[in-house]
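Please read this note beside the sequence and the 3D view. The points below go through helices, ring pairs and charged pairs.

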Amino acid sequence: MGTVKAEQKHYPTPPPLSEENLERAYKLYGENIAVWAESAVGTRVGDGECWTLIQNALVDLAESYRQYGKEPPLLSQGRTHGHPILTLTAPSVGSNSGLLQLADVRRGDILELKSAHFQIITEEAPKKVPGQWGKWQKGAGEKNVRLSHHTAIVVGVEGDAVKVVEQNGSVQGGVGEERYDLGDGGMKRGEVAVFRVIGETMGGGGLTAEWEDEEQERICLNFQ
């Protein structure tokens, strides 16, 4: 059994952004980030780690924005990806249902998971009922997904669930798609933060984060 090292990280509090500026940031960057991520499905980006997916997306897009004279997106600082728009934990004293809509989570936002445990129900082909001729039952399976540290890009919101493009998650070392239910029924425990990618000048001079071992923090630790 290996040794698990627990570290406490301190994020600086960025200047609060108005709803108008958050909307502007989404219109500038959100859809382009989501489309970039979707185009990467089925490939391997960089070193195959989850953090590298969003970093490469922002670096590529920043270069394009500069070429056209537009403000580039602010690059990720550790596991801070712009402006936090939602944080939640599970289990929670209250209900987590409806929080994605309340926070206005959208395509291109960045999902950060820590010590998360999900029970994901998967559909399977109908199966014959043993001993009952002509009887079939709808198949269903369940998989438990545990994510110690994980980064993903939101490409859709369905009720309390987010559809994401991720690397080194559902596809080990590669880019794939997954759906995480952040409501009361799907996420059993863990911490969630959702960030809105913003422009370089929107963060009041940029966001900073200090890490004891920055390279280790960029590694996804997933346990299926």
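1. A charge sits over a ring if NZ of Lys or CZ of Arg is within 6 Å of the ring centre and within 35 degrees of the ring normal. R106 meets this rule with Y26: R106 lies over the ring face, at 4.6 Å from the ring centre.

2. On the source: this is a predicted model, in which local features need pLDDT of at least 70 and side-chain atom pairs count only at pLDDT 80 or more, while totals for chains, interfaces and linings use all residues. Residues are numbered from 1 along each chain as its sequence is written, and side-chain values use heavy atoms, with hydrogens and water left out.

3. Helices (H or I, at least four residues) and strands (E, at least two) are DSSP runs, numbered from the N terminus. Helix α1 covers residues 19–39, which is 21 residues, and spans 29 Å from its first C-alpha to its last. That is close to the expected 30 Å, where the expected span is 1.5 Å times one less than the number of residues. α1 also has a kink of about 40°, centred on K27; the bend at a residue is the angle between axes fitted to the seven residues ending there and the seven starting there.

4. Which residues of α1 are buried? They are L22, A25, Y26, Y29, G30, I33, A34, W36 and A37. Buried means under 20% relative accessible area, exposed over 50%, and partly exposed in between (1.4 Å probe, protein chains only). As background, an α-helix has 3.6 residues a turn, so residues three or four places apart point the same way.

5. Rings of Phe, Tyr and Trp (its six-membered ring) pair if their centres lie within 6.5 Å; planes under 30 degrees apart count as stacked, over 60 as edge-to-face and the rest as tilted. The count by this rule is two aromatic pairs. In one, the rings of Y29 and Y65 have centres 5.3 Å apart and planes at 45°, so the pair is tilted. This pair joins distant parts of the chain, with Y29 in helix α1 and Y65 in helix α2 (residues 50–67), 36 residues apart. Y29 is buried at 2% relative accessible area, and Y65 is buried at 7%.

6. The rings of F118 and Y180 also form a tilted pair, because their centres are 4.8 Å apart and their planes at 40°. F118 is in strand β2 (residues 110–128) and Y180 in strand β5 (residues 175–181), so the pair ties together parts 62 residues apart in sequence. F118 is buried at 1% relative accessibility, and Y180 is buried with a relative accessible area of 1%.

7. A salt bridge is a side-chain nitrogen of Lys or Arg within 4 Å of a carboxyl oxygen of Asp or Glu. The count is 10 salt bridges. One of them joins E71 and R24 at 3.8 Å, N to O. E71 lies in the loop between α2 and β1 and R24 in helix α1, so the pair ties together parts 47 residues apart in sequence.

8. E200 and R66 form a salt bridge at 2.9 Å, N to O. E200 is in the loop between β6 (187–196) and α4 (214–217), and R66 is in helix α2, 134 residues apart. E200 is partly exposed at 32%, as is R66 at 48%.

9. A network of salt bridges links E23, K27, D104 and R106.
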